[in-house]
Amino acid sequence: MTTPPAQISFYEAVGGHPTFEALIDRFYEGVAEDPLLRPMYPEEDLTGAKDRFRTFLEQYWGGPKTYGEQRGHPRLRMRHAPFPVSPSARDAWLRHMRDAIDSLDLPPLHADTLWDYMDRAAHSTVNTVDGGEAPAAGRTIPDHLT
């Protein structure tokens, strides 16, 4: 009797940490120059945002559990509540993410899987209309969630 081959995670299948690091680096190159998105990142240096997003994605796709160990549950909508995520902001975010995914030159099935997730996640964070305020505008994210 033969042993079935071990399944590998999506994280491993796409190349692990170097792939997610390249994805996030390329994504934030676009965000850094985007007049609609950049104001949503209060840190002068985007390193913290990059690390948080990368560790989240790595954990989500079967990599290290660093995000959960450091930050707990993702609480995607709650973490974005202080920021006005309008349809226009979503579309800008998706443009930068599409460019980042395309830059990886992944096999089509892997690129499509990653894109499908990003597209659904981006739509789920919309919390206002174009020109509207965020539901928690002016509030800060509690320390235990930052």
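Are glutamate 58 and arginine 54 buried or exposed? Select both residues to begin: glutamate 58 is buried, and arginine 54 is buried as well. Bear in mind that the model on screen is predicted.

**Stop 1: glutamate 58 and arginine 54.** Keep the two side chains displayed. They form a salt bridge, with the closest N and O atoms 3.0 Å apart. Both residues belong to helix H3, and four residues, about one turn of the helix, separate them. Arginine 54 counts as buried because its relative accessibility is 15%, and the cut-off for buried is under 20%.

**Stop 2: aspartate 51.** Aspartate 51 and arginine 54 are three residues apart in helix H3, which covers residues 47-60. Aspartate 51 is partly exposed, at a relative accessible area of 37%.

**Stop 3: helix H7.** Now select residues 108-124, which make up helix H7, and show arginine 120 and aspartate 116 within it. Their side chains meet in a salt bridge at 3.1 Å, N to O. Arginine 120 is partly exposed, with a relative accessible area of 47%; aspartate 116 is partly exposed at 38%.

Stop 4: Select Asp51, Arg54 and Glu58 together. Salt bridges with shared partners link these three residues into one network.

Terms used
Residues are numbered from 1 along each chain as its sequence is written. This is a predicted model: local features need pLDDT of at least 70, side-chain atom pairs count only at pLDDT 80 or more; totals for chains, interfaces and linings use all residues. Side-chain values use heavy atoms; hydrogens and water are left out. Helices (H or I, at least four residues) and strands (E, at least two) are DSSP runs, numbered from the N terminus. Buried means under 20% relative accessible area, exposed over 50%, partly exposed in between (1.4 Å probe, protein chains only). A salt bridge is a side-chain nitrogen of Lys or Arg within 4 Å of a carboxyl oxygen of Asp or Glu.
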